[in-house]
Amino acid sequence: VGLPYGPSLAKAPMLNTQAPSFYRFKLGDFEATVVSDGPLPIGPASRTFRGPSSDELNRLITDHFLPTNNVVLDQNALVVNTGERLILFDTGMASVKRPNTAIDPKDIDAVVLTHPHIDHCGGMVADDGSRVFPNAQVYLQQIDFDYWMDDKRLEASPAEQGSARTARRNLPPYRDRLVFIKDGQEVLPGIHAIHTPGHTIGHTAYVIASAGKSLCFIGDIAHHVVLFENPRIEINFDTDPKQGAETRVKLFDRLAGERIPLMVYHMSWPGIGQIAKRGDGFRYVPTPMQFIL
């Protein structure tokens with residue numbers, strides 16, 4: 001008996017490649033682009049999360065059909081074109097090529113950092129030590145700069161030593177272009193800073209607002225969906241895990257109460273959503289992608 005279809009005339013080869021993505025959308029009068037820096041595997045869940053028992057932690061993660069043996073985070077950098085300035089929020093590690101974004105690093109006017117860990121500022125300097133963003137001013141809190149440039153960090157834990165080396169490589173080439181910011185400051189037109197300590201002592205989130213629309217770029221306030229549902233779980237690589245959990249609850253209460261959308265650096269691509277209170281935690285709802293016509 002013959003089959004109801006003919007023989008295959010050609011086979012499509014397996015490509016075994018993955019192209020990093022970008023996503024462009026409107027935010028009021030601003031144009032925003034999320035640029036992927038690819039996946040970031042950070043090892044077993046027990047290495048990162050502190051509080052729940054191993055069984056409970058595994059259940060929380062597997063409830064989302066995610067692996068527990070190697071937690072993998074996204075890295076979502078944000079570029080905002082205000083019409084006057086081209087602003088990059090966190091650089092990633094520049095670990096992937098970024099084709100077809102139509103964004104030239106030379107055109108970046110401002111690099112706005114949530115904090116200077118390697119996955120947030122590690123793309124600022126090229127292999128030869130030159131500035132990747134030669135025309136940009138760099139914005140961050142001075143307390144973070146001073147903390148990570150302090151020689152004491154080189155004698156601390158291996159994690160702190162690594163972060164200190166990252167800061168020492170990526171920040172000094174911009175020393176004449178550093179702009180130190182403070183809590184509540186309008187850093188640039190339409191961009192307001194919120195001091196959110198815990199992950200680092202100077203960690204900063206930013207509310208970006210234009211024409212009645214807003215978005216909060218939260219950096220490393222939360223790395224994983226379980227931290228929305230269980231915001232008091234502590235993170236082992238926070239500088240102050242207890243303060244980090246308190247800050248997370250405080251910021252999430254504000255964003256949920258004011259219905260401010262948020263962009264999460266490490267959530268699944270492209271990392272934009274809303275949160276609402278649910279019990280002792282929050283419910284994260286991804287925002288549907290929009291198309292610019």
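Buried means under 20% relative accessible area, exposed means over 50%, and partly exposed lies in between, with a 1.4 Å probe and protein chains only. Helices (H or I, at least four residues) and strands (E, at least two) are DSSP runs, numbered from the N terminus. The model is a predicted one, in which local features need pLDDT of at least 70 and side-chain atom pairs count only at pLDDT 80 or more, while totals for chains, interfaces and linings use all residues. Residues are numbered from 1 along each chain as its sequence is written, and side-chain values use heavy atoms, with hydrogens and water left out.

**Helix H7**

Select residues 241–258, which make up helix H7. Which of its residues are buried? They are Pro241, Gly244, Ala245, Thr247, Arg248, Val249, Leu251, Phe252, Leu255 and Ala256. The expected span of a helix is 1.5 Å times one less than its number of residues. For the 18 residues of H7 this gives 26 Å, and the end C-alpha atoms are 26 Å apart, in agreement.

Next, display the strands. Two strands pair if DSSP finds at least two bridges between them.

Zoom in on S11 (residues 186–188) and S12 (residues 191–195), an antiparallel pair with two bridges. Glu186 has His192 in S12 as its bridge partner. The two strands form a hairpin with two residues between them, and Gly190 in the turn has a positive phi of about 85°. Continue to S13 (residues 204–210), which runs antiparallel to S12 and is joined to S12 by five bridges. Here Ile194 has Ala205 in S13 as its bridge partner.

Contact means heavy atoms within 4.5 Å; axes are lines fitted to C-alpha atoms, for helices over the stretch in contact, and angles run from 0 to 180 degrees between N-to-C directions.

**The nonpolar cores**

A nonpolar core is a set of buried Ala, Val, Leu, Ile, Met, Phe, Trp, Tyr and Cys residues joined through side-chain atoms within 4.5 Å. Select Leu78, Phe89 and Ile208, the residues with the most contacts inside the largest core, which has 48 residues. Around Phe89, leaving aside neighbours within four places in sequence, the contacts are Ala77, Leu78, Val80, Val112, Ile191, Tyr206, Ile208 and Phe217. A second, separate core has 33 residues, including Ile61, Ile218, Phe228 and Met267.

**Salt bridges**

A salt bridge is a side-chain nitrogen of Lys or Arg within 4 Å of a carboxyl oxygen of Asp or Glu. How many salt bridges does this rule give? The count is 12.

- Select Glu56 and Arg59, whose closest N and O atoms are 2.8 Å apart in a salt bridge. Both residues lie in helix H2 (residues 54–62), three residues apart, about one turn of the helix. Glu56 is partly exposed at 31% relative accessible area, and Arg59 is partly exposed at 38%.
- Select Arg168 and Asp151, a salt bridge with closest N and O atoms 2.6 Å apart. This pair links distant parts of the chain, 17 residues apart: Arg168 is in helix H5 (residues 158–170), and Asp151 is in the loop between helix H4 (142–149) and H5.
- Select Arg278 and Glu229, whose side chains meet in a salt bridge at 4.0 Å, N to O. Arg278 lies in S17 (residues 272–278) and Glu229 in helix H6 (residues 226–229), so the pair ties together parts that are 49 residues apart in sequence.

**Last stop: Val125**

Select Val125, in the loop between helix H3 (118–121) and strand S9 (137–141). Is Val125 buried or exposed? At 8% relative accessibility, Val125 counts as buried. Not counting residues up to four places away in sequence, Val125 touches Ser130, Val132, Arg169, Asn170, Pro173 and Tyr174. Val125 and Tyr174 are 49 residues apart in sequence, and their C-alpha atoms are 9.3 Å apart in space.
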